[in-house]
Amino acid sequence: MKRIICLLLIVTLFLIPCSSAYAWTSFRNEEGRSGANTIHATTPIDTNTTGPKWKKRFSQSMGSAMNSTPIITEKNIYIVNKDILYKTDKEGTILTTLQLCASMNSMCHMASDGTYLYIPLGGGLLQCVDMDTMSSVWTSESFGGQSLTTVYVYNGLIYAGTTNGDGSEGCFYCVEAENGKTRWSYQNKTLPCGYYWSGAVSATLSSAECLLFGGDNGVLVSHSLTENQVYDTLDLTSITGSRGKIRAGITYDATSDAFYTTSNNGYLYQIRMDQNGNFDAVNSVFLGESTDKTVNCTSTPTIYNGRVYVCSYYDNAGRISVIDADTMHTIYAATTAGTADIKSSPLVSTGYATEENHHQVYVYFTQNTVPGGIYYIEDSAISTSANIKTLYEPKNNPQFCLQSLAADTEGTLYYSNDSGTFFAVHEGFAANNLPPSPSSSTVSPETPASQQTISGTAPKKKLRPGKPSRIKIKSKKKYRGKYKVTLSWKKGKHSKKTQIKIKGKKLKTVSGTKYTLSLKKGVHSILLYGYISPSQKSSAARIRIRVS
């Protein structure tokens, strides 16, 4: 029984690297633990075959058409445009809408606890919405100004901030998730500031729990989670000698036991706390070669396998820097070919990483220039350089792009550019990115995705099988040290069969949803593919099983 429990625990760790399967719960999927903004899925990497599975523009009116950060569950997507909350299925069909109490500002980084959405809106309001019934539960008091920070949900409390237009005034606040009642509100009296694109994260220490956040005054704050009490503050000017604005979130890394954030004057910071919630040790690194050059950084760092990935704008070009999370030394930086400020925070896909390829990952980001597409680098534990590659660029909806990418466990990438178009991008849909034919007509934003002709008269595409999901394991000891390991799964969408491979060797293509392997002691990597034909296979659902 102990062996079986061990087996199931290890499989669970590999299958569900995020806190909840099929969920993207907030901007960068930030939940206060290691692994924020990483996804263990086989995301698209082939430019020639990658395109929009579907796309939708929720508003056709003039003026701002910005969309919020999407919240993604197993079956649905939630997104705000102006003062309307939309609930769609995973094919982009609008299921229902809700009129909100106010319009979103230019950014809307809402968050979910799995049951409710917490939506930041104009006037410094926070509205709670039931995800199932799409009904309003409560609205907070008005804290004034714009709501541009990331909403952070932790242990029954909701945290967010406000700002005015230039970031000189605002507050950070805490409300109760149950009823929206204000717990506390913080303003720096010495160096007043707004909280523009920043975000908070909780820190669990041996003697205290605290909330960390920063603002446009360049000051980090360590605050009580529940009470109107400040534990410590740190002016980052004392570290670099240069005042910058903190317009990024804060990322925790368990391996280094440190927190990481950036300032817009081009610095990445490594922050360690003492047991009482005080700032203990802070290191920094400049994201360029010379402080005389033009620099800007609003990117929240992402950390994987001891490497920090962070984007910036330096010397009139976009840049992604790869930095050693322990030593804070720059390993290398890759720059864009032209002038392209990168505002987004990098999404790291670990779906292809193995010990054999030195944990190779794909790091995705957008660029704040037309056409507003998706770009990436390939990196590994031994890489010392990389080139920025184009994954997808929209031909029909080009615009600048401030947003970062989200992903689901199928590997689909989601984002919006400044045209207000929301894209769901994956391999196998390149035909959907063809320019429209002269006779093609405009599609109403309310038309279900299944009825839309996105790219004019595109050729009929083959069904793309989805990969298997909900994989379960049972193990029984077999004679002479071998074990019978039975896999069961849910078939991928459109898949007629499931193909199983181990160590790259094809084992079986089965029409059912159960198969028994005979395995020796050790760790085994197994791949399951949704299968229609040899030319129509899904990306792999990967599991690792330790048999002992």
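A residue counts as buried when its relative accessible area is under 20% and as exposed when that area is over 50%, with partly exposed in between. These terms are applied below to a predicted model.

## Salt bridges

The structure holds ten salt bridges. In general terms, side chains of opposite charge can pair when their charged atoms come close.

| Pair | Closest N to O distance | Relative accessibility |
|---|---|---|
| D408 and K90 | 3.4 Å | D408 5%, K90 16% |
| D216 and R247 | 2.6 Å | D216 8%, R247 15% |

D408 forms a salt bridge with K90, with 3.4 Å between the closest N and O atoms. D408 sits in the loop between β32 and β33, and K90 in the loop between β5 (84-89) and β6 (94-99), so this pair ties together parts that are 318 residues apart in sequence. D408 counts as buried because its relative accessibility is 5%, under the 20% limit.

D216 and R247 form another salt bridge, with the closest N and O atoms 2.6 Å apart. This pair links distant parts of the chain, 31 residues apart: D216 is in the loop between β16 (209-214) and β17 (219-224), and R247 is in the loop between α2 (237-240) and β19 (251-253). D216 has a relative accessibility of 8% and therefore counts as buried. R247, at 15%, is buried too.

Six of the seven residues of β21 (residues 267-273) are buried, which leaves the strand mostly covered. Strand β20 (residues 258-263) is joined to β21 by five bridges, and T262 has L268 of β21 as its bridge partner. These two strands form a hairpin with three residues between them, and G266 in the turn has a positive phi of about 95°.

On the β22 side (residues 279-286), the antiparallel pairing with β21 runs over seven bridges. M273 stands opposite F279 of β22. β21 and β22 also form a hairpin, with five residues between them; in this turn G277 has a positive phi of about 90°.

## Nonpolar cores

The largest nonpolar core has 36 residues, and those with the most contacts inside it are Y159, L211, L212, F213, L220, F259 and I271. At least two residues of this core come from each of β12 (157-161), β13 (172-176), β14 (182-186), β15 (201-204), β16, β17, β21 and β22. Leaving aside residues up to four places away in sequence, I271 touches L220, A258, F259, T261, F279, A281 and V282. Another core, of 30 residues, lies apart from the largest one; W54, I72, L391 and A406 are among its members.

## T300 in its loop

T300 lies in the loop between β23 (295-296) and β24 (302-304). With a relative accessibility of 2%, T300 counts as buried. The T300 side chain reaches the backbone nitrogen of G249 at 2.8 Å. Not counting residues up to four places away in sequence, T300 touches F27, R28, A248, G249, I250, T251, S345 and P346.

Methods. Residues numbered from 1 in each chain as written. Predicted model: local features only at pLDDT ≥ 70, side-chain atom pairs only at ≥ 80, totals over all residues. Heavy atoms only, no water. Buried < 20%, exposed > 50% of the residue type's maximum accessible area, 1.4 Å probe, protein only. Helix = DSSP H or I, 4+ residues; strand = E, 2+ residues; numbered from the N terminus. Pairing = 2+ DSSP bridges. Salt bridge = Lys/Arg side-chain N within 4 Å of Asp/Glu carboxyl O. Polar contact = N/O pair within 3.5 Å; in protein donor to acceptor, adjacent residues only side chain to side chain. Contact = heavy atoms within 4.5 Å. Core = buried A, V, L, I, M, F, W, Y, C linked by side-chain atoms within 4.5 Å.
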